[in-house]
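Colleague: I am new to this structure. Please take a close look at the cavities, and go step by step.

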Amino acid sequence: MAEIVGGGRPVNDAERRVITYLRDHAPADWLLLHNVEVPRGDDVFEVDLLVLTGHSLVVVDVKGTRGRIEVSGSRWFPPRREAFGSPVAKLRGTAKALKGLLVSRATQLERVYVDSLVVLTSPDAQLIDPAGRDAVNVTDLSRLIATLSDVSRVRRGCSPDAKPYFAAILDALNQTVRRSTAPPRYGNWEVEEQLGGDARITEYRAFNATLPGSETVLLRVYQADPLADQESRAAERQRIANAYQSLARIPPHPCLVRPRDFFAIDDESRFVLVLDDVHGQALHLRLGQGVRLTVIQDMLSGLAHAHAHGVIHRALTPASVLVTDDGHAVLTGFDYAKPGPRNYTVAHELHNVLDAHYVAPECHERPDRMTAASDVYAAGVIAYQLLTGDLPAGPDAHGPDVPDVVRRMLDHTPAKRPTAAESLDILRRPPAQVPESRLKRLVRRFVPGS
């Protein structure tokens, strides 16, 4: 039975399950510290659990995410919810920051390895990580103690025996970390679960603290630099507010994610975007599996509605489309959208986020030239990929299940592409009756009953 040496209040049942499991099953010489905050410069990182084993200090993040979770690049794609930033990448950064804090307290702790581990607690959780970058730092409850006991995880240059450093580690932690007394709260929204994120954005599922048990929302918490000069702060504020400003211009539509609120906290070191919690699966996970025409129509419907109100998406990919349980699509991911004329731009950041497969030919070298026509091109690529399972080879791409309008959406000349509204109108028309071929008429003439 491991010893719990301190900590704050667990946020959810998944955290309680892991803490209880380690307390009851881990070796007696392991020490546990749960629900603490690690300072890093002017910011604070929330840590679910710190485990001091015989060979390392491990920073643990607990995830109650269910079902098949697919990893693509720096994003996790779970079923029935929006994709979120890999928690592994952020946890590695927290582990590195904690190591620096420990060494600053006692230089001999340079020899102690600080590991990081994400624990999936749902029995049906399955991580699919083709590149293998995240999987090495992910485990489940059944393998948790074995993973934490694995001395081979200690990197070269660090000691495989942390016991001589226990007193110094605990003393340094006592000087460094602080107890988290309650679940994080942003305005009136209390965090139910941290979904993921990166150095710039952290994503949470939250509920209204005044009405526990009410519907949940998605919080995107953006980091900002409160010490930057006035011009830099203004530019950063504009960039962060871009998604909300874009969505706020658009009247509610069933095929577009709905913004709830946007506000700053503290000294504008963080900004919070509140969105509907769309319970759906990222379209990214359905590529090559076949899809109803309804999904393509919904995508075009949402896009046409945005265009009608002067908003260009500019970063449309399968990752920014959610498919709900009843088979309808909802557009998300408006961080880099253009909400009509304005006196600033975020286009210079597009090259960091764009997937070249979905970028119109005229915008490859100049993302700032993106228009409604380039959105249509991206939608055409997605539609083609959904219908065939492959990316289009070019404007002449064709397939037995690809409507002519989709090929027109992929035209290399922007002016020749139909608008999103025109494309939607064509796809909604009843299919024209296909005339009998001459060969079939001949067969019918010579083969009775054919």
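Modeller: One definition comes first. Ala, Val, Leu, Ile, Met, Phe, Trp, Tyr, Cys and Pro count as nonpolar; Asp, Glu, Lys and Arg count as charged; the others, Gly among them, count as polar. Note also that this is a predicted model.

Start with the search itself. Rolling a probe the size of a water molecule over the atoms shows where empty space is left. With a cut-off of 30 Å³ or more, the count is five cavities.

Take the largest cavity. Its volume is about 160 Å³. The lining is made up of 17 residues. Closest to the centre are Val11, Glu15, Glu46, Asp48 and Pro184. Two or more lining residues come from each of four elements: β2 (31–40), β3 (43–52), β4 (56–63) and β13 (189–197). Of these, β13 gives the most, with four residues. Now apply the classes. The lining of the largest cavity holds seven nonpolar, four polar and six charged residues. Glu15, Glu46 and Asp48, which are among the residues closest to the centre, count as charged. Val11 and Pro184, also in that closest group, count as nonpolar.

Next comes the second largest cavity. Its volume is about 90 Å³, and 13 residues line it. Nearest its centre lie Arg314, Leu316, Tyr358, Met370 and Ala378. Its lining divides into eight nonpolar, two polar and three charged residues. Arg314, one of the residues nearest the centre, counts as charged. Leu316, Tyr358, Met370 and Ala378, also in that nearest group, count as nonpolar.

Helix α2 (residues 87–105) packs against helix α4 (residues 166–176), with the axes 9 Å apart and at an angle of about 110°. Angles of 65 to 115 degrees count as roughly perpendicular, so α2 and α4 are roughly perpendicular to each other. On the α2 side, Leu98, Leu101, Leu102 and Arg105 take part. They meet Ile169, Ala172, Leu173, Gln175 and Thr176 of α4. This contact has six nonpolar, two polar and one charged residues. Arg105 in α2 is of the charged class. Gln175 and Thr176 in α4 are of the polar class.

Methods: Residues are numbered from 1 along each chain as its sequence is written. This is a predicted model: local features need pLDDT of at least 70, side-chain atom pairs count only at pLDDT 80 or more; totals for chains, interfaces and linings use all residues. Side-chain values use heavy atoms; hydrogens and water are left out. On a 1 Å grid over the protein atoms alone, a cavity is a set of points where a 1.4 Å probe fits but cannot get out, and a pocket is an open set with protein on both sides within 12 Å along at least five of seven lines; lining residues have an atom within 4 Å of a point. Grid points are joined across faces, edges and corners, and a volume is the space filled by probe spheres set on the points. Axes are lines fitted to C-alpha atoms, for helices over the stretch in contact, and angles run from 0 to 180 degrees between N-to-C directions. Angles under 35 degrees count as roughly parallel, over 145 as roughly antiparallel, 65 to 115 as roughly perpendicular and the rest as oblique. Contact means heavy atoms within 4.5 Å.
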